[in-house]
Amino acid sequence: MHVLWFFVLLQTIFAINVDSRYHQLRHSFSPPYVRGDSSILYWSASGSTLINDEYISLTRAERSQKGQLWNTRRVESKDWEVTMRFVVGSSSSWGADGLAIWYTKERPNEGSVFGSEDRWQGLGVMFDTFDNDQAGENPAIYAVMNDGQTTYDASLDGKHKLFAHCVLNFRTSNYEPNSHKYPSQLRLSYFDGVLHLEVDSRGDHNWENCFSASVTIETGGYFGITAATGGVTDNHEIVSFNTFTYDSPDTVYTVPSQPQRVEVADPVPEKEIERKPSNLAKSLPGVDAFMKDVESRQVQFSVALTTRFHELGSKMSEMDKLTNNALREVSTAVLDLNDKIEVSQKNIDVLKADLDSLSAVVLSLSKTLEIVQKYAQDAAQVTETHYRLNIEKSGEHDSLVESHSWGFWIFFIIFQLFFWINLLWGRSVVEKRRRFD
Ligand SMILES: [Ca+2]
Ligand SMILES: [Ca+2]
């Protein structure tokens, strides 16, 4: 049993030594995003910002766009580190204006400085693509502090106020939107009063140090990412933003030195409401861990729910496809049936025409027969007369032969007429059927 406890202790010490950073879900996002109506969990989107499945577009490569994405929770740790995967680029070999990462006392509105309001209070790290002062130093990255009093002059590319910078081409030329195979990466940290920036422009883990500078940044700011385009344009896209702290976030809350009496009837100040969970966490051991666990489960549940919605969407789209295919097959079958009905109708018409022709032929034949019969009667009369005359004149035998000869020729003519009419009519019917088959 003692050996088991020893191993647990060893593992705990080892885990602490391996990574003492804390990933802060409340200040981070990465795909799949936990989405709200037009924002994502803990982040507020505005302006031209569009949230897609795999990336967030602050601006497209279109003129005069301004997009913002602001964290809705203050960072309550003195030291922090953020990593971001992003793309700035377009099909053109140059673009504008760039994007900025902010850490400000309040969340500014939309404005003229990379899509955010001027005279901000806090830190701005600008990724400036357009060379406004034509000094040939862009794309460049620079850090600017503002106390809320100074106006930012975009024509100087931050030179009047920057305290750290580097000239580094983080831009992706010939970039097609939605292709995030190799997004750029950055690592921005503020530790022990030093702001440090490293950039992996091509996403190939070739990290470059941009700057490392001493600066005082007030704790309790909001993270934000904004971007803008002007007459010249660029896609500004963010894939993920992850925040880490080195101390547990609740350590910045101060425990009151004297117990405070809270009257039930008094209105509780807003700031006090914010502090209460932390103070409670301090006073009750285990509550803090429980709250963190609840929050973590809440996020996991939201992620699972979003994934389910995506799956449901995929299934609905699959069902739509199947329904469309079935409808297409049914409509093809109906069209085919219509064609067959049309062909049958034509055949019936042909058959009717044939019957009409047959009736005409039969009528004609009966008239011909009448005529032939009349001729036969006339011929019989003539023969009879001739026979009688012959009997009277010479003998019986020759006349009988002649009368048989007349009968044969009459029968032959009738047979020939019937045969040829029948043959011609038959051929005409066969020809018509061939034409419609
Ligand atoms: Ca510029
Ligand atoms: Ca410049």
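Guide: Strand S5 (residues 66–71) is joined by five bridges to strand S15 (residues 222–228), and the two run antiparallel. Strands here are DSSP runs of E at least two residues long and helices are runs of H or I at least four long, both numbered from the N terminus, and two strands pair if DSSP finds at least two bridges between them. This is a predicted model, in which local features need pLDDT of at least 70 and side-chain atom pairs count only at pLDDT 80 or more, while totals for chains, interfaces and linings use all residues. Residues are numbered from 1 along each chain as its sequence is written, with chains lettered from A and ligands numbered from 1 in the order in which they are written.

Five bridges also join S5 to strand S2, again in antiparallel fashion.

S5 is mostly covered, with six of its six residues buried, where buried stands for 20 or more other C-beta atoms within 10 Å of a residue's own, exposed for 12 or fewer and partly exposed for anything in between, the C-beta atoms being placed from the backbone. The burial holds on both faces, with Lys66, Gln68 and Trp70 on one side and Gly67, Leu69 and Asn71 on the other.

Stepping back, S5 belongs to an open sheet of seven strands in the order S2-S5-S15-S7-S9-S10-S11, with antiparallel pairing. Strand S2 (43–47) and strand S11 (162–167) are the edges, each pairing on one side only. The twist averages 15° from one strand to the next, taken between axes that are lines fitted to C-alpha atoms, with angles running from 0 to 180 degrees between N-to-C directions. The whole chain has four helices and 16 strands, and 24% of its 437 residues count as buried.

Most residues other than glycine have a negative phi, and most peptide bonds are trans. Tyr42, in the loop between strand S1 (22–29) and S2, has a positive phi near 75°, and Tyr42 counts as partly exposed because 19 C-beta neighbours lie inside 10 Å. The bond from Ala96 to Asp97 is cis, with omega near -5°, and Asp97 sits in the loop between S6 and strand S7 (98–104). The bond from Asn138 to Pro139 is likewise cis, with omega near 0°, and Pro139 is placed in the loop between strand S9 (121–128) and strand S10 (140–147).

As for confidence, pLDDT is the predictor's own score for each residue, from 0 to 100; the mean for the chain is 78, and 66% of its residues reach 70 or more. Over residues 6–18 the pLDDT is below 50, and this stretch has zero contacts in the model beyond near neighbours in sequence. Residues 249–283 also fall below 50, although that stretch has 20 contacts beyond near neighbours in sequence. Where pLDDT is low, the predicted coordinates should not be read in detail.

Methods: Contact = placed C-beta atoms within 7 Å.
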